[in-house]
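Hi everyone, thanks for coming.

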Amino acid sequence: MAKHTLSVLVENRSGVLSRVAGLFSRRGFNIDSLAVGVTENPEVSRMTIVVDGDEYTVEQVSKQLNKLIDIIKIRALENSESVSRELALIKVNATSSTRSEIVQIVEIFRAKIVDVSKNTLTVEISGSGDKVRALEDMLRQFGIKEIVRTGTIAIERGNKYIKAGSTEEI
Amino acid sequence: MKITGAQALVKALELENVTTIFGYPGAAICPFYDALLDSDINHTLTRNEQGAAHAASGYSRVTGKTGVCVATSGPGATNLITGIATAYSDSIPMVAITGQVSLDLIGRDVFQEADITGATEPFCKHNYLVKNVKDLPRIVKEAFHIASTGRPGPVLIDVPVDIQTDILDFRYPNEVDIKGYKPNYKGHPQQIKKIAEAVSGSQRPVICAGGGVISAKASEIMTRLAEKYQIPVVTTLMGIGSIPVGHPLNLGMLGSHGVYAANYAVHNTDLLIIIGARVGDRALGTAGKIAEKARIIHIDIDPAEIGKNVSTTIPVVGDAGLIVEDLYKSIQNCNTSQWLDSLQQAVKKNKVELTEKSSYVNPKKLIAELSKRLNDDAIVVTEVGQNQIWAANNFIARKPGSFITSGGLGTMGYGLPAGIGAKTGKPDSTVVVIGGDGSFQMSMPEMGTIKQNRLGVKILILNNNRLGMVREIQKNKYKKRYSQVFLDDNPDFVKIAEAYGFKSERISCNSQIDSALDRFLADDNVYLLECSIDPEEETV
């Protein structure tokens, strides 16, 4: 099934996340990831929801979300028309013999080492889900102790933007 | 004006033109009940909070106003849930107010604490937990706005007890501005044009009228549209009354418990025009198949209903009344005489066998006879089960709002309290509650509410000592392995009625129907008429 990215503006109030999550579970929709944070307007938050499903599902998700009073606006983002990123922190085993190899891999991925200890390295990577997965793949041979991952966040390319008011473009 | 939160709540209800509410007090809602003493708002004390919610629903259905129910925190609030969910399923405007433990105690599992906003979230159009007394006026204003506009539905306001005693400077807003809530009423002209063309080119159109026609007050214009272009109409359970029963174009209720002619029309149409109906499984379970042969037009106020259960050829979102009005003007012509002829043949095949058994009353005959005696303003409220279907297919609903039933959720125990609400809202109308022995017993204590408020509700109990609808399912689908459907040790309903001081009698054959109905409807006092029904009697 295809993955669809929804950019959703919501009222920045308590309980909104639970309403959205509840709606997904009771209508049998699958959330791949959900990321939420406040926007340039402190009264408004933006959720980026990645949904797994066909066109029918995505249409239903959008329509049902729209019925929630706290939801202000929903836009399905086209992959080609938007930039999406994930952030991951990966704690990997590192000994004196493997450390330099890990650092090399990290450099190739243009990731960052954010913490180091005698027997671990913690790597920060941001990028598309594929890129994060690829790095994870490369690091697995050293023994990954822990991964923390955000959901996908996405923004439209160019002059388009989504605002709580009526403005849609430029 | 500096007043308490509780006084503000009462004041806000007054400003929303609320004159009657239904409820049940408790510790966490005491400040509200105290403030209520100084108001002209009438309060009906029910015997269970669920009854209060159902009564608010019945009241709303007959008055068109937003029904209001009140309960305390914890069990009081959770008892409301079934009533709220019932109203949600049937799109009934309702505001439910619940008390809550004080703000600083929320989340500590204190006495009578329940997360009612969390619990009702799936069954509410919206809900609020009031965290600051200053927000109270805005929240009440928004709640009534949300409940009554767009696709109507219940909204719950949870008010912690300390918020009720807090002081605020009361100013009631004149308008609401909710960023995420702007219902669309006017149908898109392009879509309406397409529908008009489709109808004009159709040979065998049929209108499927749902409860949305009634709540949009579109019954009259829809009937006129049907008449002008000679389009036959079938109704869903919730749509009964949107076109008078007995109207030559009304084919009756469709669906698994509907009549033959209605289902024949839907399965042979080339253009199904669904108005204010959500294509529920009981009504249009075979919608997918219909869509293979026919074009489907779907008119609904809720965009989420379009395409949910059936793929639609031409959808249009908006108010049924406005859209049908536009269609009335824009359809060119429609020649349906051949189609109507074939439907006349189908009508003849409607099953009308009436069993005559010496020791039982035939429920279909009974309801038909009852209908004959009722005037146009009478209201029939049903419970859920076989009684509901017998009533749906045999009651002659002449006006929108004259047939009240729990359509979507199918809530047993709805009828009696909803009848209380209906009689409260329209005291001059005859209100008849039709129930089975099973469903009646679910809300039987509400007879106390009827007595206390001297409500002349007429109660008709179709007693077959069975959970008849479940029995029917077990008969047809579970090889007659009857499980837990026997109520052979029912109490003596006549004596129970007498204990409340109600007139009452029991009949057990068709020949008693006439005289019993005369006594049943003789005056405006409560009357309980129990009828012995054959357990073998089926719904359709």
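**Starting inside chain A**

Let's begin with strand 3 of chain A, residues 44-52: seven of its nine residues are buried, so the rest of the structure largely encloses this strand. Before I go on, please keep in mind that this is a predicted model.

So what does strand 3 of chain A pair with? On one hand there's strand 1 of chain A, residues 3-11, which pairs with strand 3 in the antiparallel sense over nine bridges.

How many residues make up the hairpin link between strand 2 and strand 3 of chain A? Five residues, and you can trace them from strand 2 of chain A into strand 3 of chain A.

**Zooming out to all of chain A**

Okay, let's step back. Chain A has four helices and nine strands. If you read along the sequence, the pattern goes β-α-β-β-α-β-β-α-β-β-α-β-β.

A few overall numbers for chain A. Its C-alpha atoms fill a box of roughly 55 × 35 × 30 Å along the principal axes. Of its 170 residues, 26% count as buried. And if you take the contacts in chain A with a separation of 6 or more, residues 24 or more positions apart account for 73% of them.

**Where the two chains touch**

17 residues of chain A are in contact with 14 residues of chain B. Which elements of chain A each supply at least two residues to the side that touches chain B? They are helix 1 (16-26), helix 2 (55-67) and strand 4 (71-77) of chain A. Helix 2 of chain A gives the most to that side, with six residues. By type, the residues on the side of chain A that touches chain B divide into four nonpolar, six polar and seven charged.

**Over to chain B**

Chain B has 23 helices and 20 strands. Its radius of gyration is 24 Å, close to the 24 Å that the globule rule gives for 540 residues, so chain B is as compact as a globular protein of that length. The C-alpha atoms of chain B fill a box of roughly 70 × 60 × 45 Å along the principal axes.

How much of chain B is buried? Buried residues make up 56% of its 540 residues. For contacts in chain B with a separation of 6 or more, 77% come from residues 24 or more positions apart.

**One helix up close**

Let's pick out helix 6 of chain B, residues 136-148. This helix has 13 residues and reaches 18 Å from its first C-alpha to its last, close to the 18 Å expected at 1.5 Å a residue. Its buried residues include L136(B), V140(B), F144(B) and I146(B). What covers the buried residues of helix 6 of chain B? The cover includes helix 1 (5-15), strand 5 (94-100), strand 6 (126-129), strand 7 (154-160) and strand 8 (167-169) of chain B. Just after helix 6, look for G150(B), which takes a positive phi of about 60 degrees.

**A sheet to finish on**

Last stop: chain B holds an open sheet of six strands with parallel pairing, in the order 16-15-17-18-20-19. The edge strands are strand 16 (403-404) and strand 19 (503-507) of chain B, and each pairs on one side only. Further in, strand 18 (residues 458-463) and strand 20 (residues 527-532) of chain B pair in the parallel sense over six bridges. There, K458(B) stands opposite Y527(B) in strand 20 of chain B.

One more record to mention: UniProt, again in an unreviewed entry, places "domain: Thiamine pyrophosphate enzyme TPP-binding" at residues 384-531 of chain B. That span of chain B is 39% helix and 16% strand, and its end C-alpha atoms lie 17 Å apart.

Methods: Residues are numbered from 1 along each chain as its sequence is written. Chains are lettered from A and ligands numbered from 1 in the order in which they are written. This is a predicted model: local features need pLDDT of at least 70, side-chain atom pairs count only at pLDDT 80 or more; totals for chains, interfaces and linings use all residues. A residue is buried if 20 or more other C-beta atoms lie within 10 Å of its own, exposed if 12 or fewer, and partly exposed in between; C-beta atoms are placed from the backbone. Two strands pair if DSSP finds at least two bridges between them. The expected span of a helix is 1.5 Å times one less than its number of residues. Two residues are in contact if their C-beta atoms, placed from the backbone, lie within 7 Å. Ala, Val, Leu, Ile, Met, Phe, Trp, Tyr, Cys and Pro count as nonpolar, Asp, Glu, Lys and Arg as charged, and the others, Gly among them, as polar. The radius of gyration is taken over C-alpha atoms; the globule rule is 2.2 Å times the number of residues to the power 0.38. UniProt positions are given in the numbering used here, feature names are shortened, and annotations may be inferred rather than shown by experiment.
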